[in-house]
Amino acid sequence: MRIDLVELIRIRMPLVRPFRTSYGVDAERDTFLLRVVTDSAEGWAEFAGDPEPLYCPEFTAGAELALQDHLLPRVVALQQLTAAKVAPALAGVKGNHLAKAVLETAILDAELRGHAMSLAAYLGAVRDRVPAGVSVGIMDTIAELLEAVAAYLADGYVRVKLKIQPGWDIEPVVAVRQEFGDDLPLQVDANTAYSLADAEHLRRLDDFGLVQIEQPLADDDLRGHAELGRLLSTPICLDESIKSARDAAAAIAMRACRIVNIKPARVGGYLEARRVHDACLAHGVPVWCGGMLETGVGRGANLALAALPGFALPGDVSASGRYYAEDLTSPFELDHGFLPVPQEPGTGVSPLPGPLSRHTVSRRELYARRRSVAFATDTGSQSPSHPAQPMTPVINAGHQ
Ligand code: NPG
C-alpha cells in the first residue's frame, strides 16, 4: 500500500449538553479527522483529543504539528506500507499516542477496506452487538443529575457512570442509588481528582455496590492505586495510567487495578489496544472500552474493539444522540441497550458529505505524493511531502 494523500479536516460539533468532568467543561467537540488516500482505498480516523491538554499532554494543535513534522514523514517513507508497520516506524518519536493512533487507524481503515475486511473481524471480535453504558457529567444540582440519569435509563442504557470530584462524590451516588435502586450497574470516574490522603473519604463509596471506581489518583501513581486498592473493597479501574500493554501488565502485577479501561487512542492505536486486551484477558482482568466523546467516525471503530472477548463490562460507547443532534456518520442507535458492531469493510463508517460539510471549519493537505512526470503512470517512487499548506477556511453557517 502507498499513501497518495493525507488530508486533515478540522471539525466542530456542538454537544447536546455540556459535559463536565473534574478536568473542566466540554460544550463541543473541537477536533480533526484524518483522511488517508492510498493506492488501494481511502481510510478515515478521528483524533481523540481536545484543544486543551487537560485529559493528557496532547492537544489538537500540537497533534497537527506532530503529524505534519514528525509522524507522517516517517510513515510515507515506508515501502509497502501496512498498518502493522506504523507503530514500529514511529517508535522513535516519544509519546504522542493520540496523534500516532489517528494516523495508524486511518491507514488501517484503508488497508482493511482494500481487503474488504471489517475492523471487527481483523481484531478478533466475537459479538455483533455490544451493551452500551453512558457517562454522566457533573451537574449543578442532584435534581438535574437524577433527571439526566432517568432519561438515559429510559433510553435503555445498561450501566451508568457518574463523574465525580471532591465535593461531588458521595452525595450523587447516594441519590442515584436511592432513586434507581441497588440493581443498577453503577460506577464512578474521578479522572485523577483525588490523592491517597482521601482514602478514608473514598472508602465511603464501598457501601454502594459500585462496579468500579475509575482513575481516582494521578496517572503516574501506580503505587498509590495499589495502596488505595488495599483499602477499598470497590474495584479500582485504570484509564489515564495505562498507555501501553506493558503499563497494563505492570499495573496488574502491582495490583494497582482490577479492571482496565481501554481507549485505543490513549495506547497509540487499535493494534496496541488489542495487546492491552490480550494481556488483561490472560490475567483474568476484565476490560471495557472508554470513550472520548467521539463522533460516529471514532465510535464505529471503538465498537469493533468492544466486541472482543475480554470486554466483559459495558463501555462508554453510547448512541449518537447522547452526544450530537447530528452525527457525522449514519447515527448509531440503541436497540434494547445494545449498539451494533459495524460489519462493513474497515471501520465500517465514513462521514456523510452533508454532516461533514456542515461541521467542517477548515481542511488542508498534510501530504500529497508528487508525480514526477506529467503523464507518468504510477512508478511507485516516493517523494517527500510538499511544504505544509495553510488552513483553508470553510465557510460554514453553523460556526461563523
Ligand atoms: O461517552 O465518549 C463518552 C464519554 C466518556 O466519560 C467519558 N470520557 O475520562 O473517560 C473520560 C471521559 C473524557 C471525555 C475524558 C472527554 C476526556 C475527554
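Guide: What follows is a quick chat about the domains and their interface.
Guide: One caveat: this is a predicted model, where local features need pLDDT of at least 70, side-chain atom pairs count only at pLDDT 80 or more, and totals for chains, interfaces and linings use all residues. Residues are numbered from 1 along each chain as its sequence is written, and side-chain values use heavy atoms, with hydrogens and water left out.

Visitor: Fine. How is the chain divided?
Guide: Into domain 1 (3–115 + 351–379) and domain 2 (120–340), with bounds from an automatic or database domain assignment. Their C-alpha centres lie 25 Å apart.

Visitor: What area is buried between them?
Guide: About 3400 Å², with 63% of that from carbon and sulfur atoms. Buried area is the accessible area (1.4 Å probe) that two parts lose on being put together, summed over both. On the domain 1 side, Phe19, Arg20 and Tyr55 supply 20% of the area buried against domain 2, more than any other three residues.

Visitor: And how many residues are in contact?
Guide: 35 from domain 1 with 45 from domain 2, where contact means heavy atoms within 4.5 Å.

Visitor: Switching to charges: how many salt bridges cross the interface?
Guide: Three, counting a side-chain nitrogen of Lys or Arg within 4 Å of a carboxyl oxygen of Asp or Glu.

Visitor: What does Arg17 form a salt bridge with?
Guide: Glu144, and the closest N and O atoms are 3.9 Å apart.
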